[in-house]
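Biologist: Before we use any labels for this model, I would like to hear what each of them rests on.
Modeller: Then ask about them one by one.

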Amino acid sequence: MKKLMVTTALGAALISAQGASAETLKIGVMATLEGTYTVLGEDGVRGIKTALAAFGGKAGGKDIELVIQSTDASPDSAVRAARKLVEQDGLDVIIGPLSGSEGIAIRDYSKTQPGTTFINGSSGAMETTYVDPSDNFFRYNTDGAQWSVGLGKYVFEEKGYETVATIGEDYSFIYTQVFGFALDYCQAGGEITDRFWVPLGTKDFASIIAALPDDVDAIYLGLGGGDAVNFLNQYQQAGGDANLIGGTIMVDGTVLNSKGDAKNALIGTPSSGPQADTWDDPTWKEYVKLYQDTFPPEERFPQPSLLSTLYYNATAATLTCLNEVNGDLSDDHAAFRSCLANIEMDSPVGKVTLDGNRQAIGTTFISEVIEDENGNLVNQFISLQEGINQTLGMDAAKFASLGLPSRENPACQSSY
Amino acid sequence: MTDFARRHPYWAAIIAVLAAVLLWMIFALWPAWLVDLIGRKKIFLNALFNGITLGGLYFLVASGFTLIFGLMRNVNLAHGSLYLLGGYIGYGVAEATGYWLLAFPAAFIVVGAAGVALQLVVFRRMEGQDLRQTLVTIGISIVAADLMLWGWGGDFYNISAPSWLSGPMETILVTTQKRSGDLVYLKYPLVRVVIFLAAVAIGIGMWLLLNRTKIGMLIRAGVDDRDMLSASGARIQLVFLGVFAFGAGLAGVAGVVGGTFQSIAPGEDIRFLLASLVVVIVGGMGSIPGAALGALLIGLAEQFGSVYMPTYAVVLTFLIMVGVLAFRPQGLMGRA
């Protein structure tokens, strides 16, 4: 008798759980919660939660539940995470991944899963949407080259840096960043003397630092996360005092808020990217406040980092479209995807629209690292340029003739 | 030494020539053709010294690992977690008190105590069961990594060296000659030199302890034949406990060192566990001089690799391991 009752209760519980799941939509999330980009992934997840808070935790009439899967910035970890979310959990919508080469791997994977819609988190390699784009992969952030627009000209003309050596992590996103920087900087008249590449996850930069040339005006740093902190620490110990130029994730909140004083070497460093912390725009300020209100101070950065912002945008686009189609994902998400492709977002970092490859066209900011009144390091707004597309304003055929970003491409020329 | 030269005259000659070349490369002014061939002397010297100092850090982590393995045959795969815990404790203490030096004893004591707990709660219960120990310690390392992520978050912690240790020091080594005829001397981060000297001091101290004291005699006897030693009335469990505490404490100290010239973050535990495994496999399980040699080799391989063949730097370390396993599977200093 007792056994029967237990079974009945269990059955009732199961039924009610099923009843609840009809009202819940699970969204898969991929973020780097392991390895050298851990802090970046954590703030990305905060961005998603901030967006959920803005939408009251609901979209398309359903409660949104997140299924978070960790990756470690390697392509295979991203594919593993995606397979788990799609094939095991059977989720319809996935947000992520975070890092450049993960994005390329997920683009390829998305082609094998036409029934699932993938919204890029923050990965910024050019190839992801530029080469063989996937119909069900949408990217609401601009790529690493778009993030570099204007920086080369700025450091050449305003800072007077005529020769630069670059050091970067050896993978697609940093290639893309240096690609954008080189185009801009070399056309302005600058010269890139050396390009150093180190494996992602390098901890001891001491020998690389010694190999950096002394006779250049500045050094461009294309590092992120733990690698960036380690580099700065050892750079200080080695007595380095060259002028620095920051890649986008080098001077991001994830590095600027690290513990210890190594980050102070970055004060005054010019850089560019899709956000500037001190931008005086009401939508941006509203978003910063929302981020700050969503988490207690000890569980977040003083200001949202780039990753939080990009994941926020990706999530906001997803939820907006889910609302628009009222949660209707029938017919292989046709209505949902059409909304995603045509959405015009007034995002916290300016207007975002998608091109024919489902790649964002957006705003790039030039900024400089300063210490704010609370003693935190932030990116001070210098200028912005709106409507930057993936071909960086060039003619598509001419842009294609430049080739894809790589260790050596593009060569440094005064015109292309 | 003379014994070795008598038994292997050719090898001894090759080693002597290599040493002479190395000394010449360190002290001489490089001629232009050599600079053309392999780049500036400054780069070479930095890679050399960085490799040696990095080797010092690896030695600190791996010596505890090899000691524990040598004596107890415990493969402690939670060793990386002890390293990471030491780093976090050290950061907390250095930040709270303002004294960098205090971080070392604090990390040693706290992590040593964690080691004692591990030995009492885990290893003593499954003595002699290698596979179970291995699996359980992997489990512990995963749980510990998550607990530390919970406690300290995913941020990067960088323990600031005191001001008297930060910045570079002048050395007497000439890197190049300016056109004006002035000699340019090598500048090298002071903190790395100090840390390396400390690692050497600890290494020598350990060697003396093992070879010149009564406790060392007990430990060596335990390494050779544990059962015989306990049959002769030595309190072997106490020796085990002491060695485990000491080995764990060293990992904690290494955490502070690593946090000072690199950084502490989730994932470092795995990295240093892997590094210690490679070092110990190359050097020979259970041998302190082997750990020193292995650490030096791996440190040098990483640094020279990162400068002269950056694309394959990661592979180099494992190539060394493969080479050793193929030709001398017991490790360079290991006993078959």
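**What the labels rest on**

Modeller: In chain B, 73% of the contacts with a separation of 6 or more join residues 24 or more positions apart. Keep in mind that this is a predicted model.

Biologist: What is chain B built from, in helices and strands?
Modeller: Chain B has 14 helices and two strands. Of its 336 residues, 45% are buried.

Biologist: Why is α5(B) called largely enclosed by the rest of the structure?
Modeller: A residue is buried if 20 or more other C-beta atoms lie within 10 Å of its own. In α5(B), 15 of the 19 residues are buried, and therefore the helix is described as largely enclosed.

Biologist: How do you know that the span of α5(B) is close to the expected one?
Modeller: The expected span is 1.5 Å times one less than the number of residues. Helix α5 of chain B, residues 79-97, reaches 27 Å from its first C-alpha to its last, close to the 27 Å expected. Just after α5(B), B:Gly98 takes a positive phi of about 85°.

Biologist: Which residues make up the contact between chains A and B, by number and by class?
Modeller: Chain B gives 33 residues and chain A gives 31. The largest share of the chain B side, six residues, comes from α4(B). That side has 17 nonpolar, twelve polar and four charged residues.

Biologist: What are the two domains of chain A, and how far apart are their C-alpha centres?
Modeller: Domain 1 of chain A covers 25-142 + 282-362, and domain 2 covers 146-277 + 364-401. Their C-alpha centres lie 25 Å apart. In contact are 34 residues of domain 1 of chain A and 32 residues of domain 2 of chain A. The domain 1 side of chain A that touches domain 2 has 14 nonpolar, 16 polar and four charged residues.

Terms used
Residues are numbered from 1 along each chain as its sequence is written. Chains are lettered from A and ligands numbered from 1 in the order in which they are written. This is a predicted model: local features need pLDDT of at least 70, side-chain atom pairs count only at pLDDT 80 or more; totals for chains, interfaces and linings use all residues. Helices (H or I, at least four residues) and strands (E, at least two) are DSSP runs, numbered from the N terminus. A residue is buried if 20 or more other C-beta atoms lie within 10 Å of its own, exposed if 12 or fewer, and partly exposed in between; C-beta atoms are placed from the backbone. Two residues are in contact if their C-beta atoms, placed from the backbone, lie within 7 Å. Ala, Val, Leu, Ile, Met, Phe, Trp, Tyr, Cys and Pro count as nonpolar, Asp, Glu, Lys and Arg as charged, and the others, Gly among them, as polar. Domain bounds come from an automatic or database domain assignment.
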